[in-house]
Amino acid sequence: MTGSLGELRAANRDQLVRVLETNGPLSRADLMRHTGLSRSTVSNLVAQLIDDHLLQEREGRGTPLNGRGGRPPTLLELSGGTGIVVGVDLGHRHVRAALARPDSSIALERSFALDVDDSPDATIDRVAALIDELLAENGSAREHVRAVAMGVPGPVDRDGRMTSGILPYWRGARPVHALAERTGFTAVVDNDAHMGARGELAYGAARGRRDVIYVKASTGIGAGVIVDGRLVGGSTGEAGELGHVQVDEKGIMCRCGSRGCLETEVSIPKMLELLQAAHDQPLTLERVLVLAEEGDAGVNRALSDAGRRIGRVLADLCTMLNPERIVMGGDIGSASATIAGIRESLDRHAQPNSAAAADVVRGELGVRAELMGAIAVALAASSPTARR
Ligand SMILES: [Zn+2]
């Protein structure tokens, strides 16, 4: 299929699904009226959607196209039910939000600048307002929203309480309660690395795999550990705090209350500080990533050193869990030099069979891993079979 034809078909398909989301079950004739598409186009799209198990037929009372009496036409309804879910990825300086359909296709996606150094209340108010703006832009009624899920940059316990993390004013906050209260929707909140793991598991580099470790290395370092196809939450929901594995018992104090954590040695600020000595202009993360792409020797050395440090910790995890794949995400984590450093440490420090069994790859979803994970979580939370 050529690009433009494929795109047209996808756009028509999206339009058709949206009409069904907004209006509920409709006949083929109703779909022609609502979309302005030809009989054959509607017919083809419907056949394809039924083949994909996204649409189903049911007997009912649609309006015959020519207005004459006779047998009521067959109605078509979305298999996953109607409605939409909202996914939100709250970063340190941005929020990414999307509306998704029951088949997980994206209806609308937006990114905004946001400063989470504000209070949690002010931030959640802003997120709730953004969700309302998205719903209005998409023409979706609030009652069609099935659930909202949000990733946040810090650990969240089973009570929804943030226990530490890089956000100074969020410790002890319960953003899940605030989100449910402000939006009125079923809400789920988890840390960003868990969401990223869910995203790569559902739609990316971990799809179809059973034993995977997802690592997000950026301002902080977190992991989502997938064992036998399920994300490991741990007894309090805080499993996967890779950045707080102690690598030097006499190291500097960490904000988590421990000392010598991996994150106290490997982080974006540490790396910028290290590299700044060799540069006249003030360095930013964006500049560092450009230099890495250009093959700058110093930057790539710093990234591969970071990879080796992270890989040293991952090597033990690899020996313990015997994963088939390690998926790398985050600004630092997905750089080629970092991935090469991790590979080196696994080969050097993990049990040889486990090291050989695990490949190390860049995530397929990039900066959207956490957002897509939030969508997967929201869909799971709103599924009729969800255990809540
Ligand atoms: Zn720590």
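Guide: We shall discuss a metal site and then some helix contacts. Please keep in mind that this is a predicted model.

Visitor: Which residues coordinate the zinc ion?
Guide: The zinc ion is held by His244 through ND1, and by Cys254, Cys256 and Cys261 through their SG atoms. The distances run from 1.9 to 2.3 Å.

Visitor: How are the donor residues spaced in sequence?
Guide: Their spacing is H-x9-C-x1-C-x4-C.

Visitor: And what arrangement do the four donor atoms make?
Guide: The arrangement is tetrahedral, because the donor atoms around the zinc ion subtend angles of 105 to 120 degrees. For reference, the ideal angle for four tetrahedral donors is 109.5 degrees.

Visitor: Let us turn to helices. How does one describe two that are packed together?
Guide: One gives the angle between their axes and the distance between the axes.

Visitor: Then what are those values for α10 and α11?
Guide: Helix α10 covers residues 297-321 and helix α11 covers residues 336-349. Their axes come within 6 Å and cross at roughly 40 degrees. That makes α10 oblique to α11.

Visitor: Is that crossing right-handed or left-handed?
Guide: α10 passes α11 in a right-handed crossing. Among the residues in contact are Leu303, Gly307 and Ile310 of α10, together with Ala337, Gly341 and Ile342 of α11. By class, this contact of α10 with α11 has eight nonpolar, eight polar and three charged residues.

Visitor: What about α9 and α10?
Guide: Helix α9, residues 285-293, has an axis that comes within 8 Å of that of α10, and the two cross at roughly 105 degrees. They are therefore roughly perpendicular to each other. Val288, Leu291 and Ala292 in α9 meet Val299, Asn300 and Leu303 in α10. Five of the residues in the contact of α9 with α10 are nonpolar, one is polar and none is charged.

Visitor: And where do α8 and α10 make contact?
Guide: The axes of α8, residues 268-276, and α10 come within 10 Å and cross at roughly 145 degrees. This crossing is right-handed. Met271, Leu274 and Leu275 of α8 touch Gly298, Val299, Ala302, Leu303 and Ala306 of α10. The contact of α8 with α10 comprises seven nonpolar residues, one polar residue and no charged ones.

Terms used. Residues numbered from 1 in each chain as written. Predicted model: local features only at pLDDT ≥ 70, side-chain atom pairs only at ≥ 80, totals over all residues. Heavy atoms only, no water. Axes fitted to C-alpha atoms, helices over the stretch in contact; angles between N-to-C directions. Helix = DSSP H or I, 4+ residues; strand = E, 2+ residues; numbered from the N terminus. Parallel < 35°, antiparallel > 145°, perpendicular 65-115°, else oblique. Left-handed = near helix turned anticlockwise from the far one by under 90°. Contact = heavy atoms within 4.5 Å. Nonpolar A, V, L, I, M, F, W, Y, C, P; charged D, E, K, R; others polar. Donors = N, O, S within 2.8 Å, 3.2 Å for Na, K, Ca; no water. Tetrahedral: all angles 85-135°; square planar, octahedral: opposite > 155°, others 65-115°.
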